[in-house]
Amino acid sequence: HALLHACTAYNFPRGASTPEDMAEHAAALGLHAMACLDRDGLYGAARFAMAAAEHQIDTVFGAELGVDGQGEPPLTVLCRGQEG
C-alpha cells in the first residue's frame with residue numbers, strides 16, 4: 001500500500017507533520033511507499049528521504065504547482081526517478 005499525496009509541515013496550514021513523523025506514521029500503518037508533495041517546492045524532500053530510508057519506506061517526490069487563475073486547483077507533478 002502507498003500514500004501518494006502528502007505534504008509536510010513546511011506547507012502550513014496544509015500540512016502539520018514533520019517529514020520524520022510522516023515516515024514514522026507510514027511505517028506504523030504498514031505502507032510500503034509514500035509521496036511527499038509540498039506546494040510550489042521540494043521543502044521537506046531531503047528530510048523525508050532520510051527518515052523514509054530509516055523506516056524502509058520507498059519514496060516518491062513531487063510538488064503541487066500553483067497555476068494562474070483564482071480558484072484554479074494546483075497541478076500535481078511527480079518526479080520520475082532521481083534525474084526527475
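How exposed is E20: buried, partly exposed or exposed? E20 counts as partly exposed, at 31% relative accessibility. The model discussed here is predicted.

**The salt bridge**

E20 has a charged partner. R47 forms a salt bridge with E20, and their closest N and O atoms lie 2.6 Å apart. The pair links distant parts of the chain, with R47 in helix α2 and E20 in helix α1. Along the chain, 27 residues separate the two, yet their C-alpha atoms are 7.0 Å apart. Side chains of opposite charge can pair when their charged atoms come close. A search of the whole structure finds one salt bridge.

R47 itself is partly exposed, with a relative accessible area of 36%. Leaving out residues up to four places away in sequence, R47 touches Y10, T18, P19 and E20.

**The nonpolar core**

The largest nonpolar core holds 13 residues. Within this core, M22, A26, M34, F48, I57 and F61 touch the most other members. Three elements each supply at least two residues of the core: α1 (19–28), β2 (33–39) and α2 (45–54). Helix α2 gives the most, with four residues.

Which residues does F61 touch, not counting residues up to four places away in sequence? The contacts are C36, L37, A45, F48, A49, L78 and C79. One of them, F48, is also named with F61 among the core members that touch the most others.

**Strand β2**

Is β2 largely enclosed or open? Six of the seven residues of β2 are buried, so the strand is largely enclosed by the rest of the structure. The cut-off for buried is under 20% relative accessible area.

β2 also has a pairing partner. Strand β1 (residues 2–6) pairs with β2 in the parallel sense, over three bridges. L3 has M34 of β2 as its bridge partner. M34 is also one of the core residues that touch the most other members.

**Loops with positive phi**

Two residues other than glycine have positive phi. For D40 the angle is about 60°, and for Q56 the angle is near 55°. D40 sits in the loop between β2 and α2. Q56 is found in the loop between α2 and β3. D40 counts as partly exposed, at 44% relative accessibility. Q56, with a relative accessible area of 71%, is exposed. The cut-off for exposed is over 50%, so Q56 passes that mark.

**A nonpolar surface patch**

L65, V67, L75 and V77 form a nonpolar patch on the surface. Together these four have about 280 Å² of accessible area. V67 lies in the loop between β3 (58–65) and β4 (75–78). V67 is partly exposed, with a relative accessible area of 38%.

**Accessibility side by side**

The table collects the residues discussed above.

| Residue | Relative accessible area | Class |
|---|---|---|
| E20 | 31% | partly exposed |
| R47 | 36% | partly exposed |
| V67 | 38% | partly exposed |
| D40 | 44% | partly exposed |
| Q56 | 71% | exposed |

**In brief**

Note on methods
Residues are numbered from 1 along each chain as its sequence is written. This is a predicted model: local features need pLDDT of at least 70, side-chain atom pairs count only at pLDDT 80 or more; totals for chains, interfaces and linings use all residues. Side-chain values use heavy atoms; hydrogens and water are left out. A nonpolar core is a set of buried Ala, Val, Leu, Ile, Met, Phe, Trp, Tyr and Cys residues joined through side-chain atoms within 4.5 Å. Buried means under 20% relative accessible area, exposed over 50%, partly exposed in between (1.4 Å probe, protein chains only). Contact means heavy atoms within 4.5 Å. Patches are made of residues with over 30% relative accessible area and no salt bridge: like charges are joined within 9 Å, nonpolar side chains (Val, Leu, Ile, Met, Phe, Trp, Tyr) within 5 Å. Accessible areas come from the Shrake-Rupley method with a 1.4 Å probe; for residues, only the protein chains shown count as cover. A salt bridge is a side-chain nitrogen of Lys or Arg within 4 Å of a carboxyl oxygen of Asp or Glu. Two strands pair if DSSP finds at least two bridges between them.
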